[in-house]
Amino acid sequence: MEKVIDESVQGSPLMISADQKNKRKLYIESYGCQMNFSDSEIVASILANEGFNTTSELEDADLVLVNTCSIREKAETTVRRRLEKFNAVKKHRPHMKVGVLGCMAERLKSQLLEEEKIVDMVVGPDAYKDLPNLVREVDEGRNAVNVILSKEETYGDIAPVRLNSNGVTAFVSITRGCDNMCTFCVVPFTRGRERSRNPQSVVQEVNELWEQGYREVTLLGQNVDSYLWYGGGLKKDFEKASDIQKATAVDFAGLLAMVAEAQPGMRIRFSTSNPQDMTLDVVRTMARYKNICNYIHLPVQSGSNRILKAMNRLHTREEYMQLIDDIRQIIPDCGISQDMIAGFPGETEEDHRETLSLMEYVKYDFGFMFAYSERPGTLAARKLEDDIPDQVKKRRLQEIIALQQKHSLYRTSQHLGKTEEVLIEGPSRKSDEHWMGRTSSNTVVVFPKEHYEVGQFVMVRIDDCTSATLLGEAVGHAENME
């Protein structure tokens with residue numbers, strides 16, 4: 001599963017300030033995880049240099065792009081509906097071109113271009129630098145496609161524009177691809193093998209974001225714990241590296257420390273972690289630096305060893321629980337969230353009960369929970385029968401969600417009476433009189449605006465809570481994090 005899917009921004013058109021020199025208009029929608037939204041920022045940056053300003057009006061666009069997700073059936077169904085809408089508009093704007101980017105593009109290139117003929121351009125996640133050439137191809141009336149997966153491309157040399165940004169928090173991609181062949185996941189086939197970005201380019205981007213006024217960054221990757229820089233190349237080829245390359249390699253704990261030291265006043269988060277790859281060096285690094293947030297998104301997917309093996313997760317229930325224990329020993333107040341799949345092929349009621357018992361053991365702060373849906377191209381789709389009836393999947397999912405809501409309330413109630421540091425991200429969605437921000441452990445806090453401003457760190461006394469939100473009152477500015 002790709003992380004973290006914010007339903008409130010799915011499909012929203014992305015906007016950046018216009019360059020008066022640019023005469024053409026780009027309309028771009030994104031679906032799926034943070035990686036896709038981050039990629040859209042890279043695409044907009046590349047096309048800004050090719051004469052495109054972004055627009056939020058589909059009917060004004062010369063080029064329409066949809067950045068897609070193949071992880072969830074819901075996202076793919078939505079994208080298909082949007083492509084139908086784009087083609088309806090295109091009948092009245094025949095010069096308008098439509099393209100599909102990202103994971104779904106790579107998987108359905110022939111179907112979308114040749115069989116259904118509903119797009120002009122298909123661009124895989126490693127081919128965005130080729131967009132200028134591909135745009136010229138479609139301008140000249142030819143279909144254009146590039147879905148070649150790269151062993152090197154990390155986009156580390158492109159400064160992404162920050163689309164629809166709050167000006168306070170930003171994502172910085174540090175890896176691309178994934179080597180973990182989880183049977184339910186299509187990412188290794190659509191984004192290729194793992195490769196890491198030069199740590200100096202990551203630090204440089206974080207420094208630039210600080211200068212631009214950003215106060216929090218999330219280091220982003222399909223599996224951040226697999227970050228490994230030894231001069232370039234795939235992670236799987238590290239064993240072929242020279243002795244000097246191995247001696248000077250930077251792993252994820254090392255990168256975290258570099259970023260934390262480069263900007264002591266900047267909050268640092270990361271997503272997503274994989275239980276089989278996460279090391280206690282990373283957790284100890286988190287504990288050592290005040291500006292690294294005490295929060296880990298640690299997907300488990302199931303509490304049953306039998307199902308974990310069928311998923312090819314390469315860790316057991318017991319190993320996962322030991323990792324949780326170690327994290328809590330090193331960082332007692334660490335927020336921990338989960339991904340969980342209900343109704344994986346072959347899942348029995350006993351397997352489901354083991355998932356619920358694991359949740360009782362951990363008592364996650366919050367989670368992202370899904371009923372299993374078969375994704376074409378995955379190992380599970382090829383080798384496992386989707387044999388759990390929909391009504392059983394839905395019932396198990398509801399039981400998981402209900403238990404998580406109970407645990408979420410338990411976790412938020414632990415904040416009552418405490419005064420915690422909060423970074424103000426913007427107005428509350430429900431009230432213009434209140435600010436919204438998050439604690440270090442990633443819990444949302446809402447409090448009266450008073451004289452405080454977006455981007456400030458404030459100390460908030462927590463007076464009340466729901467299962468998802470802390471409610472309180474600011475008692476003063478936080479001390480400088482340095």
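I call a residue buried under 20% relative accessible area, exposed over 50%, and partly exposed in between, with a 1.4 Å probe and protein chains only. This is a predicted model, where local features need pLDDT of at least 70 and side-chain atom pairs count only at pLDDT 80 or more, while totals for chains, interfaces and linings use all residues. Residues are numbered from 1 along each chain as its sequence is written, and side-chain values use heavy atoms, with hydrogens and water left out.

**Lys 309**

I started with Lys 309, which lies in helix H11. Helices (H or I, at least four residues) and strands (E, at least two) are DSSP runs, numbered from the N terminus. Lys 309 has 71% relative accessibility, so I log Lys 309 as exposed. I then checked Lys 309 against Cys 182, 127 residues apart along the chain. Their C-alpha atoms are separated by 9.5 Å.

**Nonpolar cores**

Next I looked up the cores. A nonpolar core here is a set of buried Ala, Val, Leu, Ile, Met, Phe, Trp, Tyr and Cys residues joined through side-chain atoms within 4.5 Å. The largest one holds 51 residues. Leu 219, Phe 252 and Phe 270 have the most contacts inside it. Helix H9 (residues 252–262) gives this core its largest share, 7 residues. A second, separate core has 21 residues, among them Ala 61, Val 64, Val 98 and Leu 113.

Leaving aside residues up to four places away in sequence, Phe 252 touches Ile 174, Leu 219, Val 224, Asp 225, Tyr 227, Phe 270 and Val 282.

**Helix H9**

I listed the buried residues of H9: Phe 252, Ala 253, Leu 255, Leu 256, Ala 257, Val 259 and Ala 260. Their cover includes helix H7 (199–211), strand E10 (216–220), strand E12 (250–251), E13 and H10. At the start of H9, a side-chain oxygen of Asp 251 comes within 3.4 Å of the backbone nitrogen of Ala 253.

**Arg 93**

I found Arg 93 in the loop between helix H2 (73–90) and strand E4 (97–102). Its side chain reaches the backbone oxygen of Asp 60 at 3.3 Å. A polar atom of the Arg 93 side chain also lies 3.0 Å from the backbone oxygen of Ala 61. Not counting residues up to four places away in sequence, Arg 93 touches Glu 59, Asp 60, Ala 61 and Asp 62.

Most residues other than glycine have a negative phi, and most peptide bonds are trans. I noted the exceptions below.

- A cis peptide bond joins Ser 271 and Thr 272, with omega about 10°. Thr 272 sits in the loop between strand E13 (267–271) and helix H10 (280–288).
- Gln 301 is not a glycine, yet has a positive phi of about 75°. I placed Gln 301 in the loop between strand E14 (295–297) and helix H11 (305–310). At 1% relative accessibility, Gln 301 is buried.
- Glu 450 has a positive phi near 50°. This residue is in the loop between strand E19 (444–448) and strand E20 (457–465). At 47% relative accessibility, Glu 450 is partly exposed.

**H13 against H15**

Last, I checked helix H13 (residues 349–362) against helix H15 (residues 390–413). Their axes come within 10 Å and cross at roughly 10°. H13 and H15 are therefore roughly parallel, a label for angles under 35 degrees. The axes are lines fitted to C-alpha atoms over the stretch in contact, and angles run from 0 to 180 degrees between N-to-C directions. The contact residues include Leu 356 and Met 359 of H13 and Ile 400 and Leu 403 of H15.

Terms used: Parallel < 35°, antiparallel > 145°, perpendicular 65-115°, else oblique. Contact = heavy atoms within 4.5 Å. Polar contact = N/O pair within 3.5 Å; in protein donor to acceptor, adjacent residues only side chain to side chain.
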